[in-house]
Amino acid sequence: MLKGFILFIFISLTVSCNEKTKKETQDENALSINEDEKYRPNFHFTPKEHWMNDPNGMFYYNGYYHLFFQYYPDGNVWGPMHWGHAISTDMVEWRELPIALYPDELGYIFSGSAVVDHNNTTGFGDGTTPPIVAIYTYHDPKGEKEGRDDYQTQGIAYSLDEGATWTKYENNPVINNPGIKDFRDPKVVWDEIHQQWLMVLAADDKALFYGSKNLKDWEKLSEFGQNIGAHGGVWECPDIFPMQVEGTDEVKWVLIQSLNPGGYNSGSGTQYFVGDFDGKEFTLDPDFKNDLEQEHTYWIDFGKDNYAGVTWSNIPDTDGRKLFLGWMSNWEYAQEVPTETWRSAMTIARELTLKKDGGSYRLFSVPAKELYNYRAKSFKVDSLSIQKNTKIVGTEQIDLSSTELSFNISDLKEDIYTFYLHNPKGDTISFGLDNKKNEFFIDRSKSGLIDFSEKFSQKPSVAPRVTESDKLTVQIILDETSIEIFYDKGASVMTEIFFPHAPFETFSVSTEDPNAVIKNLTIDQLKFN
Ligand code: FRU
């Protein structure tokens, strides 16, 4: 009897102990999720949970922008890759959908692209709706483990319901590996000029071009890039497209080429090249080549946090924009950033334009205009004289955690113009123009949590100023944990993330130039549903 009683007490204690442990764990989880949520951006895409890297398969169809992404649904660091999926009507507010592509016996699903096969060149169509075709890299982990060189191949899958569900092609892979370890990230475009599907693929230190009539049979056309441009690391995630040079009838081809490491400020970065494509070979424009050889200043973004970005396919001709978006992180620390529930965000969508201004061609990027539909409350100042540490705006006027700020400064002197974001916890991020060095900078070494990686804020990031104008224009897009700065109308762009102890509340400026004046200052609060 006593034995039975003791057993009863033991069992109930064990049960209540277990229950307590479970509840405690739940509380802890709830706590860490809430703690985490303070770093969740207000308007940049993040997956609800788990690890994300590169944007993939971006296409527009029937009113929706589709964004797929490298996704590991079982953890918050990189793992076996899937394609996650989100859609948006304006590239600002995203709805996450079920996972689109799962790994299979050929391997993990690495980065790639998607096109709308309007003419059913693949024969995948059912006669009612054009097939959407995804072209991606298979990464076979078994081959990698065995130490082989041929474990990355290219495969395709198609969707007959606007990207919701996918069928893998039965004869995958469509491109076998020729014995190159890093052989990945196919970006396919319909090359209207030469009436072919054109693929650009990253292969170690080169971009390879392939052509096809049906997206299934591919012929190698040419190679580009060995010893050209930056080569501090492996080339990844290319993109290629023709662009009209603004204000002219001239058409040039732009090749976007990410690499890791070896970015402008170390780690991951994305450079670009401007030239011509004759249906087989990409060749650099001679002026561009000349400038590139003298000084390589051709980067889509000079900040540390814009990687693997590519453009949307199937944007209607009536729109005609080149719309771009990148992964807002850097392989130097992406897996250590202080969020647990999810890891990484995307940049805002941007519009790319190609301009020729005196020297050679240059790619400009500015926010895609859809973001402006979210302007809610404006604060404008025509002109503001800057003395040392002039406060421009604080929480009395506007909540800085979802904001667009723009202004200009004319008559620049050989001086340093520094802007600061502050919070009451003493965190600061500073950035601006060092007009002695003709260089922009951003310093996040005091921006809050930084010690999760020594690479995060080892030294300030810099960017060359590429115009000679004595008028500086600045446009800043601020979210809870990121800043995207578009200088000189998008000629030099810097994107960086940060993790402050509390939201930034004031924006101020400082310079030694006694006559400096900020003009046309507009601060727009952005409001999201
Ligand atoms: C770039 C990258 C790609 C690859 C993918 C794997 O960030 O390394 O080259 O396809 O990530 O997740």
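Colleague: In which strand is I99 found?

Modeller: This is a predicted model, where local features need pLDDT of at least 70 and side-chain atom pairs count only at pLDDT 80 or more, while totals for chains, interfaces and linings use all residues. Residues are numbered from 1 along each chain as its sequence is written, and side-chain values use heavy atoms, with hydrogens and water left out. Helices (H or I, at least four residues) and strands (E, at least two) are DSSP runs numbered from the N terminus. Look along residues 95–101 and you'll find I99 in strand β4.

Colleague: How far apart in space are I99 and G84?

Modeller: Leaving aside neighbours within four places in sequence, I99 is in contact (heavy atoms within 4.5 Å) with Y71, P73, H82 and W83. G84 is 15 residues from I99 in sequence, but C-alpha to C-alpha the two are 4.5 Å apart.

Colleague: Which strands each supply at least two residues of the shell around the ligand?

Modeller: The ligand is surrounded by N53, D54, Q70, W78, M81, F110, S111, R184, D185, E236, Y307 and W331, where being near means having a heavy atom within 4 Å. Strands that each give at least two of the shell residues are β1 (50–61), β5 (108–116) and β9 (183–191).

Colleague: What area is buried between domain 1 and domain 2?

Modeller: The domain assignment, automatic or from a database, gives domain 1 (39–367) and domain 2 (374–526). Their contact takes 36 residues from domain 1 and 37 residues from domain 2. Interface size is often given as the accessible area lost when the parts come together. Summed over both parts with a 1.4 Å probe, with carbon and sulfur atoms giving 60% of it, the buried area is about 3,000 Å².

Colleague: Which residues in domain 1 lose the most area to domain 2?

Modeller: The domain centres, taken over C-alpha atoms, are 30 Å apart. Together accounting for 19% of what the domain 1 side buries, the residues that lose the most are Y39, F43 and F302.

Colleague: In which loop is the place of P261?

Modeller: The peptide bond from N260 to P261 is cis, with omega near -10 degrees. S266, a residue other than glycine with a positive phi near 70 degrees, lies in the loop between β14 and β15. P261 also has its place in the loop between β14 (251–260) and β15 (269–277).

Notes:
Buried area is the accessible area (1.4 Å probe) that two parts lose on being put together, summed over both.
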